[in-house]
Amino acid sequence: MTPELARAAALIARIPDHPQPGVQFRDISPLLADGQAMRTVTEALIAPFRGRFDVVAGLEARGFLLAGYVSALTGAGILPVRKAGKLPRPAASVSYSLEYGTATIEGPDVLRRGDRVLLVDDILATGGTLQAARALVGELGADVIGVAVVLELEELGGRALSGDVHAVITD
């Protein structure tokens, strides 16, 4: 890890017992607030995929921020992957299981068949959301060329569901 990435990783705050006892929440807000760290992380996030995608799909909510930054750096379009009920005219939706129930994500009709999509999110935990996002992009007629996250929580085994993922920082 470069010194710049190590500095960015050190900005990620650990919040014990949030949202419930025994969980250690990782808050990337301090990283997002530091322009140089944000640029360093975003450059590392897209490095393996540069020139290979037309659209960046950001997963609600912090993935939207990352997608905007990636779009500005690369000129790619943005696909917002939203929680159910947030879009006025969703073109596709995918439901998936959580440890405490189910959730649904939706996407608008903005992709063209054959668009190359890079999925980005802040944290890979259990992998269900990224797995569903892959399926959603397929339902919208495009191709996922890669998945990139800022932080992977390795002990939660998210790669088993989400497939090959490029993680800038692992914990």
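**Sheet and helix packing in the predicted model**

Seven strands are arranged in an open sheet of mixed pairing, in the order β5-β6-β4-β3-β7-β8-β9. The edges are formed by β5 (92-98) and β9 (166-170), each of which pairs on one side only. From one strand to the next, the twist averages 20 degrees. The model is a predicted one.

Within the sheet, β3 (residues 55-59) pairs with β7 (residues 116-124) in the parallel sense, and four bridges join the two strands. In this pairing, G58 is located opposite V120 of β7.

Two packed helices are described by the angle between their axes and the distance between the axes. For α3 and α4, the angle is about 75 degrees and the axes are 10 Å apart. Helix α3 is therefore roughly perpendicular to α4, since angles of 65 to 115 degrees are placed in that class. On the α3 side, the contact involves G35, M38, R39, T42, E43, L45 and I46. These residues meet L65, L66, Y69, V70, L73 and T74 of α4. Classified by residue type, the contact of α3 with α4 comprises eight nonpolar, three polar and two charged residues.

Residue T40 is also part of helix α3, which covers residues 35-46. T40 counts as buried because its relative accessibility is 14%, the cut-off for burial being under 20%. When neighbours within four places in sequence are set aside, T40 is in contact with E4 and L5.

For the protein as a whole, six helices and nine strands are assigned. The C-alpha atoms fill a box of roughly 40 × 40 × 30 Å along the principal axes. Of the 171 residues, 43% count as buried. Among contacts in the protein with a separation of 6 or more, 59% are accounted for by residues 24 or more positions apart.

Definitions and conventions:
Residues are numbered from 1 along each chain as its sequence is written. This is a predicted model: local features need pLDDT of at least 70, side-chain atom pairs count only at pLDDT 80 or more; totals for chains, interfaces and linings use all residues. Side-chain values use heavy atoms; hydrogens and water are left out. Two strands pair if DSSP finds at least two bridges between them. Axes are lines fitted to C-alpha atoms, for helices over the stretch in contact, and angles run from 0 to 180 degrees between N-to-C directions. Buried means under 20% relative accessible area, exposed over 50%, partly exposed in between (1.4 Å probe, protein chains only). Contact means heavy atoms within 4.5 Å. Angles under 35 degrees count as roughly parallel, over 145 as roughly antiparallel, 65 to 115 as roughly perpendicular and the rest as oblique. Ala, Val, Leu, Ile, Met, Phe, Trp, Tyr, Cys and Pro count as nonpolar, Asp, Glu, Lys and Arg as charged, and the others, Gly among them, as polar.
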